[in-house]
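Here's a quick tour for anyone meeting this structure for the first time. Have a look at it first, then read on.

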Amino acid sequence: MAEATITSSSTVAGPRAKWTYLDKFLNRTGPFTDPDSFQPGKTVIESLERSKVFGAGGLGCEILKNLALSGFKDIHVIDMDTIDVSNLNRQFLFRAADVGSFKADTAARFVEKRVKGVKITPYCGKIQDKDEAYYMQFAMIVCGLDSIEARRWINATLVGMVDEQDPDSLKPLIDGGTEGFKGQAKVILPTMTSCIECQLDMHAPRAAVPLCTLATIPRQPQHCIEWAHIIAWEEHRKEITLDTDDPEHITWLYQQALARAQEFNIPGVTYSMTQGVVKNIIPAIASTNAIVAASCCNEAFKLATNTNPFLGFPETDNYMMYTGDESVYTYTFEHQKKDDCPVCGLGTIARPLEVSPNMTLQDFVESLAEKPEAQLKKPSIRTGEKSLYIQSLADLERQTRHNLEKKMVDLVEEGEEMVITDKAFPTQFKYKVVFK
Amino acid sequence: MADLPPPVQGPTAKEKKYDRQLRLWGANGQVALEKSHILLINSGPGVVGLETLKNLVLPGIGNFTIQDSAVVSEPDLGVNFFLEEEHLGGSRAEHTCGLLKELNPDVNGNFVSEPVESWISHPDVLFPYTLILATAPIHPLVLSTLSAYADTAQIPLFYVHSVGFYSHFSVHLPPAFPVVDTHPSPETTSDLRLLKPWPELLEYATQKTANLQGMSPDDHGHVPFVALLLHFLEEWKKEHNGEVPQNYKEKTAFRETVSKAARTNTPEGGEENFDEAVAAVLKSLNPPEPSSSVKDIFKAPESLLIRHNSPSFWVIANAIGLFYTKYGVLPVPGAVPDMKARSADYIELQNVYKSKARKDLAEVVESVRFLERNANRTAQIEEKNVEAFCKNAAHIKLVRGRPFPVIPREGEVKFGGQARTLAQQLSFPDSLLPIYIAFLAWDKFTATHSPQAASSALIIPGLSPTDLASETENITSLAFTIVSDLVKEASASPDEADFATVKTQIGECVQELVRAGGAELHNIAALTGGIVSQEIIKVVTEQYVPVDNTCVFDGVRSRTAVFRV
């Protein structure tokens with residue numbers, strides 16, 4: 001075991017005194033360090049401090065703290081949200097007095113004050129506001145985004161940035177998410193290993209309840225709430241935009257749902273359930289956020305320093321799933337890159353997509369939002385021959401609208417390729433029609 | 001919409017703040033957290049203990065106390081988020097307590113700066129605490145004292161070790177730690193009793209499937225799948241000497257019958273209720289037999305002999321055991337999954353299950369009252385507790401807590417009854433047991449190299465670069481002794497080549513551990529603090545299933561493993 005001798009005893013003075021513990025790993029090789037990539041001592045310390053890293057998402061508080069205490073000095077953070085009282089049970093950089101302030105600002109100020117010497121640059125807005133040139137400045141991207149759409153956007157952007165002639169254009173993406181006592185963390189080397197789009201079916205959306213169930217045969221309290229949310233609001237308060245953070249709006253929905261439930265003898269509608277269904281609330285606790293964010297930052301630290309092998313090296317494990325509700329269980333594995341991935345695949349292979357021949361184009365367009373392999377909310381669809389439906393431009397929308405009533409069997413053929421685009425993503429998705 | 005219910009009382013400030021967690025453990029769990037008082041005995045760089053507490057202060061534990069005799073030094077500031085420059089030279093217990101308290105004004109925090117060995121020698125000093133969390137390095141005499149206290153006071157003790165890229169924790173729970181509210185995943189909880197229907201359920205099915213073939217398309221497509229399966233089971237029995245489908249082959253054949261009965265001349269080309277019926281065949285056509293771990297609870301000595309002071313869990317367990325002996329099934333839980341059906345038919349079905357569940361509950365309550373009278377118990381067990389037990393009877397868990405090994409200064413590490421299983425696990429290719437053994441050897445080194453008196457400073461391996469090689473060698477040989485003793489204790493005779501591989505792995509783990517020189521890496525401490533705080537929440541709320549009893553995390557490969565030691 002070698003040691004690049006900077007420290008000679010356990011107590012050091014001088015500028016690195018604060019980093020005594022971290023330096024044990026930056027100065028010493030271990031049994032698993034790769035001698036070709038790990039350069040202990042000054043070299044690794046300087047490169048760690050130079051690395052500019054990017055953080056975002058609901059795990060932001062944890063990520064900023066962890067990156068700052070991993071020795072990173074230049075951290076950028078983006079968050080469009082303001083602080084809500086329901087964040088205080090886990091987002092530990094925020095206090096009751098901060099409610100209403102921007103998360104990115106408050107978090108950055110807090111961590112800069114607590115960990116001296118780290119620079120945190122906040123931007124209060126959407127990650128989509130920034131372009132490739134912005135993301136190009138970072139060594140890596142660490143995300144704990146709660147929306148699948150934002151995840152897919154950053155993923156597609158980073159894949160699109162890769163220039164084979166320029167190794168610096170490859171930005172590792174480290175991504176984590178939680179739900180209750182469960183979570184996952186993964187490392188993506190864009191174009192080299194399985195990307196968010198390859199993994200899309202692991203984040204299948206919850207199946208929506210059919211509209212006819214809501215409208216005619218509700219059975220569960222949730223059905224009554226969805227009815228109030230989707231149908232009753234449109235009927236009675238069309239002119240008001242529903243704001244799920246407005247207690248008056250939630251109360252109105254709750255009362256409507258309750259009345260409907262009483263009509264059908266369905267027990268169990270509560271205010272809290274109404275809020276949960278309407279806002280699609282996912283339970284979240286400090287513990288799980290800590291686990292997943294720390295796992296992401298542990299990988300970021302290993303990636304930046306090579307103090308130990310990181311997840312995500314091609315042909316090795318790149319994905320860790322954590323389950324804490326029944327004992328503790330992790331499953332760490334290699335998620336395989338998919339050749340037919342519309343974002344990072346070969347670009348020539350269309351992904352098979354099941355289509356019922358008798359469904360209308362309208363129904364097909366709506367079904368794309370729910371299909372685990374698509375999850376596209378505002379798709380525009382073309383085939384090699386023609387534009388089936390284009391929503392991105394008003395003129396084209398008018399010209400193609402008449403197709404919506406047609407049956408799929410009359411518009412496409414078995415095996416035909418469809419190219420689907422969606423404003424939310426900087427890429428196009430190729431699918432091959434497979435009739436059910 | 002003429003008469004809407006009166007205006008509602010929105011959620012309270014507290015409900016708003018804790019909304020995202022109350023959706024997991026409910027108001028009961030929150031009350032349990034608020035009643036707890038957690039003691040952290042902190043040492044070393046002291047990060048993992050504080051990161052654990054952070055995740056408990058945020059969701060609102062009632063009280064915490066930090067015992068820590070360290071003085072804040074420069075290196076603390078590079079690893080510990082709950083200290084600032086102005087605290088240099090001050091008490092680490094005092095300042096970490098102060099900054100943790102800022103996280104949640106609802107939580108009371110206290111600190112003790114007195115050295116642990118003198119502090120715990122005061123009489124009754126541990127009395128206020130409902131759970132103890134001790135971090136390594138710790139003097140074996142102190143850890144033994146805590147372990148003995150946990151035994152007598154029957155409170156949980158956690159021992160946590162976070163060194164470099166590795167961490168581990170062990171938990172010593174009381175000898176009987178039952179969990180009723182285990183939160184099983186919804187897919188595993190459906191218990192429809194299709195093979196043991198009661199008369200009202202059969203009656204419901206007959207009524208809903210009368211003239212099935214002649215039904216209008218709309219009616220046919222809305223018969224609840226439970227009624228469909230019961231109907232086709234009756235038909236099947238007529239042709240099979242009154243027997244239900246017994247094995248996989250018969251169930252597949254039965255499924256085929258159901259599938260064929262669906263109408264395909266519909267706009268969708270099929271019927272959703274029949275799809276549901278087909279999908280439920282293999283899952284739902286199993287005899288409702290309780291798992292062996294549940295049956296073991298009925299046979300446990302605490303359940304067999306109810307005394308005036310028996311915990312209510314055992315009284316209810318005994319009563320449900322009686323129910324099981326009498327009927328060969330557990331009480332009906334009463335929940336019905338959503339299914340394609342008309343509102344009124346579904347609600348009616350729900351009521352059939354609910355009435356049966358209430359009837360079964362009434363019978364169990366009667367047994368409980370009988371047991372209470374017999375054992376001269378003064379306080380009656382609340383019916384809602386019996387109800388919770390009946391509802392989740394198939395999924396209740398009993399953890400048999402036990403002390404984890406405290407590494408002795410002299411003599412061997414003993415694994416007792418667990419030796420055999422552990423020795424077997426050693427040979428698994430991706431086993432993390434070598435890391436645990438490296439930790440034990442690390443503890444053994446600290447125990448033997450530190451002065452005998454509990455008051456003396458502990459010796460940490462790997463601190464100085466000059467001793468790194470010799471200390472690594474020393475701990476490796478301690479680890480080899482531990483693993484050889486384990487194999488001997490298990491009377492196992494591992495393959496020589498396999499054993500050599502295990503020793504190589506242990507050697508590497510020791511090397512990685514000593515590399516740290518006792519340092520904590522913030523990420524590993526934060527991650528471990530996350531896991532330990534999840535476990536503490538589970539233990540305090542008596543919900544979900546806790547680790548039994550040791551967990552290891554490998555930050556090199558990003559994996560965990562759980563062992564019973």
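In chain B, take the contacts between residues at least 6 apart in sequence: 73% of them join residues at least 24 apart. Two residues are in contact if their C-beta atoms, placed from the backbone, lie within 7 Å. This is a predicted model, where local features need pLDDT of at least 70, side-chain atom pairs count only at pLDDT 80 or more, and totals for chains, interfaces and linings use all residues. Residues are numbered from 1 along each chain as its sequence is written, while chains are lettered from A and ligands numbered from 1 in the order in which they are written.

**Chain B as a whole**

- Chain B has 23 helices and ten strands; helices (H or I, at least four residues) and strands (E, at least two) are DSSP runs, numbered from the N terminus.
- Along the principal axes, the C-alpha atoms of chain B fill a box of roughly 90 × 65 × 55 Å.
- Of its 565 residues, 47% count as buried. A residue is buried if 20 or more other C-beta atoms lie within 10 Å of its own, exposed if 12 or fewer, and partly exposed in between, with C-beta atoms placed from the backbone.
- UniProt, in an unreviewed entry, puts the feature "domain: THIF-type NAD/FAD binding fold" at residues 18–555 of chain B. UniProt positions are given in the numbering used here, feature names are shortened, and annotations may be inferred rather than shown by experiment.
- That stretch, residues 18–555 of chain B, is 51% helix and 8% strand, and its end C-alpha atoms are 31 Å apart.

**One helix of chain B up close**

- Which residues of helix 5 (residues 92–101) of chain B are buried? They are Arg92(B), Ala93(B), His95(B), Thr96(B), Cys97(B) and Leu100(B).
- These buried residues pack against helix 3 (47–57), strand 2 (63–67), helix 4 (74–77) and strand 3 (108–112) of chain B.

**Where the two chains meet**

- The contact takes 73 residues from chain A and 76 residues from chain B.
- On the chain A side, helix 11 of chain A gives the largest share, ten residues.
- The residues on that side of chain A divide into 36 nonpolar, 26 polar and eleven charged. Here Ala, Val, Leu, Ile, Met, Phe, Trp, Tyr, Cys and Pro count as nonpolar, Asp, Glu, Lys and Arg as charged, and the others, Gly among them, as polar.

**The eight-stranded sheet of chain A**

- Eight strands of chain A form an open sheet in the order 3-2-1-4-5-6-7-8, with mixed pairing; two strands pair if DSSP finds at least two bridges between them.
- Strand 3 (119–123) and strand 8 of chain A stand at the edges with a single partner strand each, so one side of each has no neighbour in the sheet.
- Strand 1 (residues 52–57) and strand 2 (residues 74–78) of chain A pair in the parallel sense over five bridges, and Val53(A) stands opposite Ile75(A) in strand 2 of chain A.
- Helix 4 (residues 103–114) of chain A lies across strand 2 and strand 3 of chain A, at about 175° to strand 3 of chain A. Axes are lines fitted to C-alpha atoms, for helices over the stretch in contact, and angles run from 0 to 180 degrees between N-to-C directions.

- UniProt (unreviewed entry) places "domain: E2 binding" at residues 353–436 of chain A. That span is 21% helix and 30% strand, and its end C-alpha atoms lie 10 Å apart.
- Chain A also has an open sheet of five strands in the order 9-13-12-10-11, with mixed pairing.
- Strand 9 (351–355) and strand 11 (387–389) of chain A are the edge strands, each pairing on one side only.
- Strand 10 (residues 379–383) of chain A runs antiparallel to strand 11 of chain A, and two bridges join them; Arg382(A) stands opposite Ser387(A) in strand 11 of chain A.

- Most residues other than glycine have a negative phi, and most peptide bonds are trans.
- A cis peptide bond joins Ala136(B) and Pro137(B), with omega about 0°. Pro137(B) is in the loop between strand 4 (131–135) and helix 7 (140–153) of chain B.
- The peptide bond from Asp548(B) to Asn549(B) is cis too, with omega near -5°.
- Ser327(A) has a positive phi, near 55°, and counts as partly exposed because it has 18 C-beta neighbours inside 10 Å.
- Glu542(B) has a positive phi of about 55° and sits in the loop between helix 23 and strand 9 of chain B.
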